[in-house]
Amino acid sequence: MILLTSDTETRPTAAMRAAIAAAEVGDEQKDEDPTVLRLTERVAGLLGKEAALFVPSGTMCNVIAVRAHTRPGEVLLAERDAHVLRAEGGGAGMISGVMTEPIESGRGVFDPPALAATLDRIGALPSPWGPRATLLCLENTHNFGGGTVWPQPRFDSVCDAAHAHGLKVHLDGARLINASVASGLSAARICERVDSAWIDFTKGLGAPIGAVLAGSREFVAEARRLRQMVGGAMRQAGIAAAACLYALDHHVDRLAEDHANARRLAEGLREIPGIRLVHGLPETNILFFDPSGAGFTAAGFAQALAAKGVKLVPVAGTIRAVTHLDVSRRQIDEALIAIREVLGLHGR
Ligand SMILES: *Cc1c(COP(=O)(O)O)cnc(C)c1O
């Protein structure tokens with residue numbers, strides 16, 4: 001199978017498994033796992049923050065950060081299609097008791113007036129009646145926006161505007177390293193104005209488990225308490241952290257190959273009659289396309305392709321393709337051939 005469903009499909013390589021096998025370990029819950037300590041120190045430095053915490057998943061990082069930055073009844077603002085709103089089982093409402101409000105955008109990226117308009121619409125600007133908005137969650141790259149990289153001046157200005165309105169800013173950086181590689185900016189530069197941020201190791205970085213959440217010392221101390229509350233503190237977690245350290249050493253620069261492969265796939269799709277790229281050419285490793293012009297529903301097209309060995313996911317009436325470590329350039333070309341075959345265009 002050619003797995004274009006998600007960059008979570010990556011399997012640990014033999015060399016990563018060797019790093020896992022050799023890991024020094026201790027009791028992580030007591031802050032005594034040396035490999036976890038090396039990882040959190042390194043990621044704190046990478047993101048330019050004072051401290052960091054190892055967390056089992058990215059979703060748990062969002063759960064913890066939303067709870068740390070808000071009190072029940074307050075408002076969490078996020079772009080309409082943000083993962084924290086669309087794909088986390090309603091956890092922000094359940095665990096943090098916050099109201100959530102969507103911000104309209106193009107491809108996941110908006111500007112200070114859009115933030116101000118949302119605050120105004122919900123009555124959150126100082127008034128005795130409206131709810132209190134206290135947190136803005138941003139996503140970079142933006143997954144459902146098509147792997148969009150925020151232009152840095154825009155990202156900075158939205159952070160400044162949020163702070164001016166008294167909001168904290170949390171960055172869902174599931175693919176922050178993709179944004180860094182694509183833009184040439186350091187992760188620390190991208191995160192300069194956010195109050196907390198995390199990176200996922202189980203997406204394009206190719207590790208089997210783990211995410212790291214970073215922020216001020218005070219924030220991380222509270223995050224540690226909340227992680228205990230949701231059952232996310234671990235024991236000999238150096239086993240997992242060793243894979244993450246390996247990924248930082250060996251899987252960062254190669255993300256550029258995933259971006260080139262996504263672009264190659266998009267350029268191939270663009271030539272196929274009836275296929276429309278929903279967001280144009282991809283900036284990173286995610287693209288969405290619409291096969292309806294060729295007479296297919298997204299689900300029907302995904303099913304027909306699966307029968308030819310290419311796995312893709314239908315998302316909201318379109319199809320998402322994600323490139324990663326376990327998809328080669330040759331497989332991209334094979335996937336394009338399979339797509340032409342499904343459409344009866346092979347050889348034309
Ligand atoms: C995958 C993803 C998450 C959740 O991360 P997990 O490690 O799968 O829990 C959060 N935000 C975005 C944008 C993601 O793509």
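Tutor: Start with the nonpolar surface patch of about 340 Å² made by Met 94, Ile 95 and Met 229. Keep in mind that this is a predicted model, where local features need pLDDT of at least 70, side-chain atom pairs count only at pLDDT 80 or more, and totals for chains, interfaces and linings use all residues. Residues are numbered from 1 along each chain as its sequence is written, and side-chain values use heavy atoms, with hydrogens and water left out.

Student: Where does Ile 95 lie, and why does Ile 95 count as partly exposed?

Tutor: Ile 95 sits in helix α5, residues 91–96. Buried means under 20% relative accessible area and exposed over 50%, with partly exposed in between (1.4 Å probe, protein chains only). Ile 95 counts as partly exposed because its relative accessibility is 35%.

Student: Now the ligand: how many residues surround the ligand, and which are the closest?

Tutor: A residue is near a molecule if one of its heavy atoms lies within 4 Å of it. Here 14 residues surround the ligand, and the closest are Thr 59, Asp 172, Arg 175, Asp 200 and Lys 203.

Student: What lies 2.9 Å from a polar side-chain atom of Lys 203?

Tutor: That's an oxygen atom of the ligand. Ligand oxygen atoms also come 2.7 Å from a side-chain N or O atom of Thr 59 and 2.8 Å from one of Arg 175. Taken alone, the ligand exposes 380 Å², and the protein buries 87% of that.

Student: Which elements give two or more residues to the shell around the ligand?

Tutor: Those are α3 (58–69) and β7 (196–200).

How values were computed
Patch = residues over 30% accessible without salt bridge, like charges linked within 9 Å, V, L, I, M, F, W, Y side chains within 5 Å. Areas by Shrake-Rupley, 256 points an atom, 1.4 Å probe, with all protein chains shown as cover. Salt bridge = Lys/Arg side-chain N within 4 Å of Asp/Glu carboxyl O. Helix = DSSP H or I, 4+ residues; strand = E, 2+ residues; numbered from the N terminus. Polar contact = N/O pair within 3.5 Å; in protein donor to acceptor, adjacent residues only side chain to side chain.
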